[in-house]
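Here is a colleague's note for someone meeting this structure for the first time. It takes up the pockets and then the packing of helices, point by point.

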Amino acid sequence: MRTRRGRFIVLEGIDGSGTTTQAALAAEHLRARGVQVHLTREPSDGPVGMLVRAVLSGRLRSAGGPPFDRRSLALLFAADRLDHITSEVGPRLAAGVTVVSDRYVYSSLAYQSQDCPPSWVKELNRLAPAPDLCVFLRLPARAAEKRLRSSRQSRDIFEEIVFQRRVAASYARAVRAVPRGRLLVVDGALPKERVFGAIRTRLDALM
Ligand code: TMP
């Protein structure tokens, strides 16, 4: 008998919107229902993902010292994604495991389109397969900023309020690329239990 392909579920939103918390809750809920789940994230824990995280934290700079070129960073995000899909996500889906990813291609469309032509970012990510479900946690940049301020000591290069405001607006466009019927938009300002309540209903329907 052929194994039924696993579901691919991704969570998206600006920094501080709660994608990490909700991805963990989703994985926990599915496991409790007896579903085999692999929880992952982008940037991934693979070699390119580790490089991207070093750039984001400011630990790694360009030769000569200037901040890392944002177009090159867009290429690294796309390279990490293909590596992630090929080596980690795809084989699990094929084996019938459901994969939950904290961020995916819509992050690149929303973030990298700030510094690079959007059509180029889209092209770089053309080979990334569509997820079965994309949960978008919609939250104004100001509310996210408040959360980040109270929870983090060190900040990534993308976490300034002006940039996040632009990303928040850009996300609304980015998630239009999600295939019809596969997008769930949740108000990220709600308490986390209520946010998860909406996600859980959709997950149960999907499985
Ligand atoms: P994280 O805070 O969820 O670990 O993500 C790291 C940062 O990288 C976050 O600011 C979002 C950003 N990012 C992109 O700019 N493009 C991408 O494709 C991904 C996956 C993340």
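1. In this predicted model, the second largest pocket has a lining of 13 residues, and those that lie nearest its centre are Val105, Leu109, Asn125, Ala128 and Ala177. The volume of the second largest pocket is about 200 Å³.

2. Helix α4 provides the largest share of the lining of the second largest pocket, namely three residues. Sorted by class, that lining consists of 10 nonpolar residues, one polar residue and two charged residues.

3. The largest pocket has a volume of about 770 Å³. It is lined by 38 residues, and the closest to its centre are Asp15, Thr19, Thr20, Arg103 and Arg152. The elements that each give two or more residues to this lining are α1, β2 (37-41), α2 (47-56), α3 (70-94), α4 (105-111), α6 (141-151) and α8.

4. Among the contributors to the lining of the largest pocket, α1 gives the most, with five residues. As for the classes in the lining of the largest pocket, 12 residues are nonpolar, 13 are polar and 13 are charged.

5. Turning to helix packing, helix α1 (residues 19-32) packs against helix α8 (residues 192-206) at an angle of about 45 degrees, and their axes are 10 Å apart. Because of that angle, α1 is oblique to α8, and the crossing of the two helices is right-handed.

6. On the α1 side, the contact with α8 is made by Thr21, Gln22, Leu25, Ala26, His29 and Leu30, while α8 brings Lys192, Val195, Phe196, Ile199, Arg200, Leu203 and Asp204. Taken by class, the residues of this contact comprise seven nonpolar, three polar and three charged.

7. A second pair to examine is α2 and α3, whose axes come within 8 Å and cross at roughly 150 degrees. The cut-off for roughly antiparallel is an angle over 145 degrees, and α2 is therefore roughly antiparallel to α3. The crossing of α2 and α3 is left-handed.

8. In the contact between α2 and α3, the residues from α2 are Pro47, Val48, Gly49, Leu51, Val52, Val55 and Leu56, and those from α3 are Leu73, Leu76, Phe77, Ala79, Asp80 and Asp83. The contact of α2 with α3 holds 10 nonpolar residues, one polar residue and two charged residues.

Definitions and conventions
Residues numbered from 1 in each chain as written. Predicted model: local features only at pLDDT ≥ 70, side-chain atom pairs only at ≥ 80, totals over all residues. Heavy atoms only, no water. Axes fitted to C-alpha atoms, helices over the stretch in contact; angles between N-to-C directions. Helix = DSSP H or I, 4+ residues; strand = E, 2+ residues; numbered from the N terminus. Parallel < 35°, antiparallel > 145°, perpendicular 65-115°, else oblique. Left-handed = near helix turned anticlockwise from the far one by under 90°. Contact = heavy atoms within 4.5 Å. Nonpolar A, V, L, I, M, F, W, Y, C, P; charged D, E, K, R; others polar. 1 Å grid on protein atoms, 1.4 Å probe; cavity = no way out; pocket = protein on both sides within 12 Å on 5 of 7 lines; lining within 4 Å. Points joined across faces, edges and corners; volume = space filled by probe spheres on them.
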